[in-house]
Amino acid sequence: MDKSKNKIGLWSAVGLGVGAMIGAGIFALMGQAGAIAGKAVYISFILGGIVAAISGYSLAKLGARFPAAGGIVEYLVQSFGVNVFTGGISVMLYLASLISLALLAKAFGSYAAALLNLKGSLIYTNIFALSIITLLGTIQYFGIKKVVKFQNVAIIITILILVVFATVGLIYMKPELMAPALYPSSNKILFSIAITFFSYEGFRIITNTAEDIVHPEKNLTKAIFISIGITMVIYTALAFAVFGNLEVDQVLEAKDYALAEAARPAFGVFGFTIISIAALFATSSSINAVLFATNNIAYQMAKNGELPGFFANPIGKTREGLIVSVVLTALLILFLDLLQIAAIGSITVLFIHAITHLGHLKLINKTKASKLLVALALITTLGVIVLFLKYSIKDSYTILILSVGVLALSFLIEFLIRAITKRKVNKTREGISGKIFR
C-alpha cells in the first residue's frame with residue numbers, strides 16, 4: 001500500500017476517536033450509568049473523561065515514540081518483547097475488539113428493528129447487525145481514505161443531532177429535577193465511573209492511526225485530548241438533558257433507549273425517531289472505527305508472529321485479517337448472548353490498559369513522558385477495575401469468573417499458535433518482532 005497517498009490529518013483522527021467513543025456508548029450506557037449514579041451521572045461522566053484523558057496521555061506518548069498500526073500490540077512488544085505473555089495479552093485485545101464489534105452491531109440491529117417496529121425479533125436484529133458489519137467491512141476493503149470519509153460524514157450527522165437535542169433538552173429541563181438533594185451517595189457515583197469510563201474507551205482507536213496520521217509525534221496527543229474533550233462536553237450536556245427532563249424511575253424504565261425517551265417531552269414521537277436515527281449513525285460510526293483498529297491489531301500481531309501470517313497479506317487496499325475479523329464477528333452475532341459479555345469486554349480492555357501503562361514505565365526514558373502521569377494512569381485504571389468488580393460481584397461472581405475465563409482462553413490460543421507455527425523470534429534494533437509464517 002502506498003503510505004504517502006493514505007495519510008490522514010489531525011481532524012480525521014479526531015473523527016475516528018469521537019465516532020468510536022460516542023457510538024453505542026452514550027445511547028446504551030447513559031441509562032446503565034444513571035441506574036447507579038442517578039441525577040449525579042453527569043459528575044460520573046466528567047470523572048470518567050478525566051480518567052480517560054490520563055490514560056490517553058500514556059498511550060499517546062507511546063504512539064508518538066512507536067508509531068505502528070497495531071497500537072497497544074506494538075507497545076506491549078516494546079515493553080516486554082515477543083513472548084507468551086505479550087502474545088496472550090495481544091490475543092486478549094483482539095478478542096475484546098471482536099466482542100466490541102459484535103456488541104455494537106447488535107446495538108445497531110436493535111435500534112434498526114425498533115425504528116421499523118420490529119423490536120423483539122432476534123432474527124431481524126441479527127439481519128441488520130450482519131448487514132452493517134458486512135457493509136462497513138466492504139467500505140474498509142477500499143482503504144483508509146474510505147474509512148475516514150465515512151467516519152467524518154457519520155460523526156458530523158450524529159453530533160449535529162445530539163447537539164440540537166442537548167440544546168433543546170437544556171432549554172426545557174426542569175432545574176428542580178437536578179437538585180443536589182436528589183443525588184445518591186458518593187460511593188455510587190464512584191462505582192458508576194467504571195461504566196462511564198467504558199463510554200470513552202474508544203479513544204485508544206486513535207493510536208491505531210499512528211502509521212497513517214501526519215506528524216504522529218504531535219497529532220496523536222492532540223487528537224486524543226481533543227476527541228475526549230469534545231465527547232465529555234457532549235456526554236455532560238446530554239446527561240443534563242436526560243435527567244433534567246425525566247425522573248430517575250422513567251430513565252430506569254427506558255434505560256436501553258433513555259436518550260430517545262428523553263426527547264419525547266420536547267419533540268414527541270418525532271424526537272424519539274430522530275434520536276433513534278442518530279443511534280444508527282453513531283453505532284455504525286463506532287463499528288467503523290473499531291473494525292479499522294481491529295484490522296490493524298491483527299496485522300501487527302501477524303507481523304509479530306502472534307497470529308498466522310495470512311492476516312497481514314494485502315487484499316484490495318487493506319489486509320486479509322479484515323475478512324477474518326468480519327467473519328468471526330458475524331459468528332459472535334449469531335451464536336452468543338452479548339449482554340453479559342459487554343461487562344467482560346470492559347474489564348478485559350481495562351486490564352490490557354493497565355498492563356500497557358505498567359510496560360510504559362519501563363520505556364519512560366524513550367518516550368520522555370511524565371513518570372507521574374503514567375503511574376497515575378496505571379493506578380486510576382486499576383481503580384476503575386476494582387470499582388467495577390466490587391459493584392458487579394455483590395449479586396453474582398459470574399462476571400469475575402468469565403473475565404478469568406477470557407484471560408485463560410487468550411493464553412490457550414497463544415500456546416496453540418506457538419505449537420502449530422513453531423515460530424522463532426527475530427530481534428531488531430528498535431525492538432523485537434516475530435517471523436511471519438504463512
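Reader: Where is the place of Gly244, relative to α8 and α9?

Author: In this predicted model, Gly244 sits in the loop that joins α8 (216-243) to α9 (248-253).

Reader: What makes Gly244 buried or exposed?

Author: The relative accessible area of Gly244 is 0%, and buried means under 20%, so Gly244 is called buried.

Reader: Which residues is Gly244 in contact with, once its neighbours within four places in sequence are left aside?

Author: With those neighbours set aside, Gly244 is in contact with Met173, Lys174, Leu177, Met178 and Ala239. For Leu177, which lies 67 residues away along the chain, the C-alpha atom is separated from that of Gly244 by 5.4 Å.

Reader: Why is Glu247 called partly exposed?

Author: Glu247, which is also found in the loop between α8 and α9, has a relative accessible area of 39%; because buried means under 20% and exposed means over 50%, with partly exposed in between, Glu247 is called partly exposed.

Reader: Which residues gather with Glu247 in a patch of negative charge on the surface?

Author: Glu247 gathers there with Glu176, Asp249 and Glu253, and Asp and Glu are the residues counted as negative.

Reader: Why is helix α3 said to be largely enclosed by the rest of the structure?

Author: Helix α3 covers residues 72-80, and eight of its nine residues are buried, so the helix is described as largely enclosed by the rest of the structure. The buried residues of α3 are Ile72, Val73, Glu74, Tyr75, Leu76, Val77, Gln78 and Ser79.

Reader: Which residue follows α3, and what is its phi?

Author: Gly81 follows α3, and the phi of Gly81 is positive, near 80°.

How values were computed
Residues numbered from 1 in each chain as written. Predicted model: local features only at pLDDT ≥ 70, side-chain atom pairs only at ≥ 80, totals over all residues. Heavy atoms only, no water. Helix = DSSP H or I, 4+ residues; strand = E, 2+ residues; numbered from the N terminus. Buried < 20%, exposed > 50% of the residue type's maximum accessible area, 1.4 Å probe, protein only. Contact = heavy atoms within 4.5 Å. Patch = residues over 30% accessible without salt bridge, like charges linked within 9 Å, V, L, I, M, F, W, Y side chains within 5 Å. Areas by Shrake-Rupley, 256 points an atom, 1.4 Å probe, with all protein chains shown as cover. Salt bridge = Lys/Arg side-chain N within 4 Å of Asp/Glu carboxyl O. Charge placed at Lys NZ, Arg CZ, Asp CG, Glu CD.
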